[in-house]
Structure formats: C-alpha cells, structure tokens
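Have the viewer open as you read.

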2 protein chains.
Amino acid sequence: MSPRTVDKAARRKEILTAAVRVFARKGFAATRINDIAAEAGIAKGSVYLYYDSRDALLEAVFEGYRAMSAAILDRAVNGPGPALERLAGMVREVLGVLVARREPARIMVDLWAASRDAAGSPVDMAAVYGDARAAITELLRQAGKEGVLREDLSERHATVIVGAIEGCLLQCLVDPGLPAAELAEPIIQVCLEGLRRPAVHTPDFRGYEPATRPCP
Amino acid sequence: MSPRTVDKAARRKEILTAAVRVFARKGFAATRINDIAAEAGIAKGSVYLYYDSRDALLEAVFEGYRAMSAAILDRAVNGPGPALERLAGMVREVLGVLVARREPARIMVDLWAASRDAAGSPVDMAAVYGDARAAITELLRQAGKEGVLREDLSERHATVIVGAIEGCLLQCLVDPGLPAAELAEPIIQVCLEGLRRPAVHTPDFRGYEPATRPCP
DNA sequence: GGATATTGACTGACTGGTCAGTCATAATGA
DNA sequence: TCATTATGACTGACCAGTCAGTCAATATCC
C-alpha cells in the first residue's frame, strides 16, 4: 500500500462496509475478525488500526443503521403534505429498503440479540424503537390537528404501528417467500383505517342517528 | 432390577427448566453449560446424560415455546364465540403471557438470532410465524363468513396482524418501561377497526347516501 | 440381619479447538 | 533516513464435550 497517503476516514468506511457484508452473510455471532479483514482485502491486524475492538465495529454498524432509520423518520415527520400520506409513504419506504437491501434489516436482528448480552452493550435497541415511536406519535399529532383521526388515540397506538412495521419486517426476513413489497399497502390499510375518525354511522348500523341530518 | 433408578423424564425437565431460567437471564449466546448445570444443582457432565449437546437443549427449549404458541392459536381458532372476539381474546392472552412470564418471549429473540447461524438450525422461526399467519387467516375466514369484515382482505392482512402483535412484544421486551398489558386494547382497536366492514358512509362524509334509509 | 456384589447416576479435571487481540517485524514513501 | 502503515504468527483466555473414576442405593446370599 501507500503509507502516509491513506485516507483514514475512507479506510474506516471500507472496513465498515466489509463488516456489513460479512455480518449479513454469516450473522454477527459467526463472523470472525479474520473474515472481515479478508473481505476488506487487508490483514487482521490492520482492522485494529481503525477500530479498537470487535464491539467498536459492531457499534459503528449500529450507528450506520440508526442514522438511516433516523433519516427516514425525519423526512416523514418534517416533510410536506398531509401527515397520513407521509406516514403511508414512510411505510412504503421502509418496506422498499428491505426489498432493495436485505442486509441492514438482517443485521438488525443480530444486533438485537447482541444487545442482550452485556449490560453495557453499545447497541441500544430501546432507543431505536423509542425514536420510531416518537416520530409516529408526532405524525399522529399532526394528523390529529388536520382532523382526520379518531380522538381517543394515545402513544400506545404509535407503538402498535411501529410494531406492525417491525413485525412484518421480521416475518419477511425469516421467510424469504413473503413478498415484502406487497405488505406496505396492507399495513397502511390496517393501520390507517383503524385510525381514521369513525363514521357517524357505526359499521354494524347500530346507533343510527337520522336526526343528525334532518330530512328536508 | 436396577439398584437405583431416577425418573429420567423428570430430570430432563428439571434441566430444561434450569436452562430456560439461565437463557432468560443471560441470553442464549452468553449461557454456558456450566451455568445450566449449576442452576439445576448438578454437575456439567450430568447435563450430557440427558441432552446430547448444547444445540439439543436449545431445540428442546424451542419446542416448548412452539407448543405453548400452538396451544394459544388452537384455542383461538377452534374456540366458541364470534371469530373477532376470539381474535381479540388471543391478543390479550399473548400480551398477558408476556406480562406474567417474560422469559419465554425473551428467549425467543435469542432463538431468532441462533436460527440465523447454521443452515441446519433446529430452530425454525419461519414455521412459527407461518403457523401464526395460518391461524389468523383462518380466524379472518371465519369472521368473513360471519359477515363482519371488509371484503378485500387477503392473507397479507393476517401477516400485518401477526406483525403488530410480534412487533409490540419486541418493543416491550427491549424497553421494560412499556406497559405490555395496556397494549392489548390498542392492538385490537387498530387491527379490528381496520378490518371491519367500512360504513356505508365513508369517514370523510363524501359519498353520503341518504337514500339508503328513506325518511318516513 | 449383615456381608458382599452389582449397578448406573453422577462428577469434574482434562482435552482439543477456537478466536479476540497483541506485537515484533517488514514495507513504503516522504 | 525515519515516520507511518501493514502484516500475520503468536498468546492467553475461554469453553463444549469427554471419560475414568466415585459412591450411594439396591440386590443377593449366608
């Protein structure tokens, strides 16, 4: 190589990219530092010139994921247009990412498991889910202002929406036969129809109140 | 006769119970056979008198979970009463199990990750999710017969419901601050309201058709 | 009863292998 | 030359699984 002329930041990124590829292929637990070094085309010792430890590498992978997640949420919360359309768009985007690049999502499961190990784990899944809940709670607040929601909503409902998205992702990961792309619309249908302001006339026609619109 | 006989099956179960406790406490990856032996109050070597390997123990834990899961689903599918009420009851039961005994669910995440490792893993999460989807698809079919559902439903919607339940479970596991018990009703609200036959009068009052019920 | 033999559940030190992380040495360009 | 970067053999810790040996409970015989 060319000592003194290497771009440290670029090299760090190369290693990180290699690590993501190997993690996705073999799973975090089964990945050896040697595998990552080989994937990056360098020696094992060199990995340690750029990352202090295996855990530091894990943390970097996690941060990359979290940044991607945060970007998607941010665009949904602060974007233009009606809030519910942004929510629907976000669901489509998340499922789309899964279809386009399975690695990030696949790795998340390993991170999940890895985070269980030590108390001082660098991977804080609670924060990731917390961010997602906060974003969707905000979207629901915006939609509420727009007057398109039922009025008995709480943050619990945001939890359910986050859960529906995450749960569908997991199923798609476990079972590659599931059509991830085609789940976006059912998710939107189930969630949003359940969130829209109920019709004055309830679905089963009990409680029909003709007096609210007197006949001419 | 044999000089001394122990109840092999009972001892197997003791070890399994100990394993579940340790897995729940430390996570599967971080659990040593020694830990399990200590928890069961026996020596390490004795564990191998009852289970061939660490993986065999993992498989037994998984089968126990799957049996519990299957029992809940079976009761919902074949129980008495309207299908949607059984569906709602099942959601309450699943969340209730999480509240009462966090271990089984917690372990599932580890099993999830463990299943990623080898191709010949004893843990088949795809089958677990597949069973759940099949059960809920059947519940929706029953509910459809009862005439209480929208008519454009597919198995995809069952996937969303499974996902919502599973996703909420995960969030509760990661973040013990979340009130698992209080999520059952929001899940039911979001899912079922999204599934019921839409009112003739759409929520935004466009398409209002007073002619359907003529004034006296 | 009690002396002796038999059984098999149980033990834990040991083995063989794995792997994260280290460091002495080499290579390279300024 | 010399500072910087790269290397890969090496180390020490760790752990799943083994197996030769222990011992308490039972069986059998006198």
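A crossing is called left-handed if the near helix is turned anticlockwise from the far one by less than a right angle, and right-handed if clockwise. Keep in mind that what you're looking at is a predicted model.

## Helices 7 and 8 of chain B

With that in hand, the crossing of helix 7 and helix 8 of chain B comes out right-handed. Two packed helices are described by the angle between their axes and the distance between the axes. For helix 7 and helix 8 of chain B, the angle is about 120° and the axes are 8 Å apart. Angles of 65 to 115 degrees count as roughly perpendicular and those over 145 as roughly antiparallel, so helix 7 and helix 8 of chain B are oblique to each other.

Who touches whom? On the helix 7 side of chain B, the residues that meet helix 8 are Tyr129(B), Ala132(B), Arg133(B), Ile136(B), Thr137(B) and Leu140(B). Their partners in helix 8 of chain B are Glu155(B), His157(B), Ala158(B), Thr159(B), Ile161(B) and Val162(B).

## Helix 8 on its own

Helix 8 of chain B has 20 residues, which at 1.5 Å a residue should span 28 Å; its end C-alpha atoms are 29 Å apart, so the two agree. Of those 20 residues, 19 are buried, so helix 8 of chain B is largely enclosed by the rest of the structure.

## The loop in between

Val148(B) sits in the loop that links helix 7 (125-145) and helix 8 (155-174) of chain B.

## Helix 5 of chain B

Helix 5 of chain B covers residues 83-100, 18 residues in total, and reaches 25 Å from first C-alpha to last, close to the expected 26 Å. Its buried residues are Ala83(B), Leu84(B), Leu87(B), Met90(B), Val91(B), Val94(B), Leu95(B) and Leu98(B). Looking down the axis of helix 5 of chain B, these buried residues fall within an arc of 125°, so they line one face of the helix.

## Chain A in brief

Chain A has nine helices and zero strands. Of its 216 residues, 38% count as buried. Among chain A contacts between residues at least 6 apart in sequence, 64% join residues at least 24 apart.

Terms used: Residues numbered from 1 in each chain as written. Chains lettered and ligands numbered in written order. Predicted model: local features only at pLDDT ≥ 70, side-chain atom pairs only at ≥ 80, totals over all residues. Helix = DSSP H or I, 4+ residues; strand = E, 2+ residues; numbered from the N terminus. Expected span 1.5 Å × (residues − 1). Buried ≥ 20, exposed ≤ 12 C-beta atoms within 10 Å, placed from the backbone. Arc of directions from axis to C-beta. Axes fitted to C-alpha atoms, helices over the stretch in contact; angles between N-to-C directions. Parallel < 35°, antiparallel > 145°, perpendicular 65-115°, else oblique. Contact = placed C-beta atoms within 7 Å.
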